[in-house]
Amino acid sequence: MPLVCLSLTGRTLAGDLAALDRYRDKIDIAELRADYLDPAEVFAIRGFPERAGVPCILAVRRKSDGGGFTDGEGARLVILAKALAYASPDKNANFAYVDLECDFRVPSVEEAARTFGTKIIRSCHDMTGLPADLDAAWADLAAEPGEIPKLAVTPRGAADFARLVSWATTLPPGERIVIGMGEFGLPSRVLAERLGSSIAYTSALYAGLPVAASGHLDPAALESQYRFREISKDTEVYALGGSRSVVSSKAPALHNAAFRSAGIDAVYVPVPADDAPSLFAALEAVEARGAAITVPLKEAILPLLSRRSRAVDEIGACNTLVREADGWSGHNTDVIGFERSLLEFLGRKDLKGQRATIVGAGGAAKAVAHVLSRLGATALVLNRTLPKARELARRYGFAFGPLAEHATSLIADHSDIIIQATCVGMESEARGDPLDWYEFTGREAVFELIYRPDHTALLDRARAAGCRATNGWQMLRYQSAAQYKIWTGREPPESYFS
Ligand code: ATR
């Protein structure tokens, strides 16, 4: 099981120790990032391991490697030499590891480390992408027996991530560290065990320290949201595929809590992807058993499915994948989640006689239209891209129009319920309010599928006008519970509902 390492990025050693104290029960080792320290503090780092009381890594990361050190190599050498000097016979008082880059080969420092049992982590950081030849990059890092090779790269998309994972899983056993940085690398951190990494790095984000490297999670999040300590080689992987916003989704907390409470050895992890083929490559690389699919891939994945449920065919969008012997089968649980949460919100059993406006015509809006039609409502579809509104509306005999001010009179005739199903207003997607030209009367019931942030400009305006309004949190819970049932064949635990 990988050791959880807390990278300490305080400006003072006291600040680092305070952060360390907060996470002591969640981590195994600490990395003192001397490149973040105030200059005066640097002279006291020799005593840090003893004060820390956990095995410590020393790193003085250069700016070009993603760190904060801007002085010359001479100055860096002095810091490293001071930190490793006067080694104590008590091993706990020495740094347990020192991180030395592959282009930093200084025999005196290496000798000092080896003599006193400080392990050398031989690192290479690619802040812009993946080396074209991973084997060659690795050979350089792994040349010296006894050193721990560490390759930290920056996948530029899910295809890069897939390449990294596929390559890492072919490496022979042994102590090593392979990390994908940035958003596209995030699943490599959660799945460190799968990549054979001996150390998983984290940052003290909840303690207010700067993130030490792009994509670091807080140790508490790693444990509570991703049940990191329970992940083994046998743990089944489920993924959340979609735009980069998946890295801040609340769905992992929901699904991982359910797996934990039901005693299922599985983990659910975000896998950001810009397109369907690269998402599938990433799912194959991590040997995912299933996946949830979100904006903007719910329709783009359809041609890549080997089987589709009836609901997927009827709706034309898919938000749930199951790995089968012959490929991927597609399902749609948005329908279940939306129907149940909408009826609860409205306190109704059906929508007969109700007139509704659907804002959007993408994958989520398609599930919304399907539900409204099934429940007997009459609806209007508004969308930025008019032909998509037309196509969706025609399928159910609904009206349609552009997502623009002159649609106001159309909404007036479909204003019992307004359902916001675009991604406008969603965290890390397009900002704004897709209906900013529409004045709520206060009589509309407003349902927005977005749940992150928990209230958007549109919801705030609707509530201020006196409307009953809700976000998509309850829908997320219900549709996630339905996914759990599809993936595991078991009844969803109570944690999805309470
Ligand atoms: P999802 O699976 O969440 O439905 P999607 O299929 O990509 O994601 O659909 C996104 C929806 O948000 C579409 O209705 C899209 O409008 P277009 O069909 O015109 O693309 C809408 N949308 C996205 N960005 C938008 C923006 N800036 N303004 C208005 N609508 C937007």
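This is a predicted model: local features need pLDDT of at least 70, side-chain atom pairs count only at pLDDT 80 or more; totals for chains, interfaces and linings use all residues.
Residues are numbered from 1 along each chain as its sequence is written, and side-chain values use heavy atoms, with hydrogens and water left out.

Valine 295 is joined to proline 296 by a cis peptide bond, with omega about 0°. Leaving aside neighbours within four places in sequence, valine 295 is in contact (heavy atoms within 4.5 Å) with Gly242, Ser243, Cys423, Met426 and Glu429. The C-alpha atom of valine 295 is separated by 53 Å from that of phenylalanine 116, 179 residues apart along the chain. Another cis peptide bond joins arginine 452 and proline 453, with omega about 5°; proline 453 lies in the loop between strand 19 and helix 16 (457-464).

Six strands form an open sheet in the order 10-9-11-13-14-12, and their pairing is mixed. Strand 10 and strand 12 (307-308) are at the edges with a single partner strand each, so one side of each has no neighbour in the sheet. Two strands count as paired if DSSP finds at least two bridges between them. Strand 9 and strand 11 pair in the parallel sense over five bridges, and tyrosine 238 stands opposite glycine 290 in strand 11.

The buried residues are Ala276, Ser278, Leu279, Phe280, Ala282, Leu283 and Ala285. Their packing partners include helix 6 (158-168), strand 9 (236-242), strand 10 (266-272) and strand 11 (288-293). Just after helix 10, glutamate 287 has a positive phi of about 55°.

Now for the nonpolar cores, each a set of buried Ala, Val, Leu, Ile, Met, Phe, Trp, Tyr and Cys residues joined through side-chain atoms within 4.5 Å. The largest has 88 residues, and Leu20, Ile45, Phe48, Leu58, Trp167, Val190 and Leu321 have the most contacts inside it. Helix 6 gives the largest share of this core, seven residues. A second, separate core of 35 residues includes Leu343, Ile358, Ala367 and Phe398.

Ile358 also has a place in a strand pairing. Strand 15 (residues 355-359) runs parallel to strand 18, joined by four bridges, and isoleucine 358 stands opposite isoleucine 419 in strand 18. Strand 18 also pairs in the parallel sense with strand 19 (residues 445-448), over four bridges. Ile417 and Ile419 point one way from strand 18 (residues 417-420), Ile418 and Gln420 point the other way, and all are buried.

The ligand comes next. It is surrounded by 18 residues, the closest being Gly363, Ala364, Asn383, Thr385 and Lys388; a residue counts here if one of its heavy atoms lies within 4 Å of the ligand. An oxygen atom of the ligand is 2.7 Å from a polar backbone atom of alanine 364. Another distance of interest runs from a polar side-chain atom of arginine 384 to an oxygen atom of the ligand, at 2.9 Å. For lysine 388, an N or O atom in the side chain is 2.7 Å from an oxygen atom of the ligand. Taken alone the ligand exposes 640 Å², and the protein buries 82% of that; accessible areas come from the Shrake-Rupley method with a 1.4 Å probe, and for residues only the protein chains shown count as cover.

Finally, look at aspartate 35, in the loop between strand 2 (29-33) and helix 2 (48-52). Aspartate 35 counts as buried because its relative accessibility is 8%. Its side chain makes polar contacts (pairs of N or O atoms within 3.5 Å; within protein, one must be able to donate a hydrogen and the other to accept it, and residues adjacent in sequence count only if both atoms are side-chain atoms). The side chain of aspartate 35 reaches the backbone nitrogen of arginine 61 at 3.2 Å and that of glycine 68 at 2.9 Å.

How values were computed. Buried means under 20% relative accessible area, exposed over 50%, partly exposed in between (1.4 Å probe, protein chains only). Helices (H or I, at least four residues) and strands (E, at least two) are DSSP runs, numbered from the N terminus.
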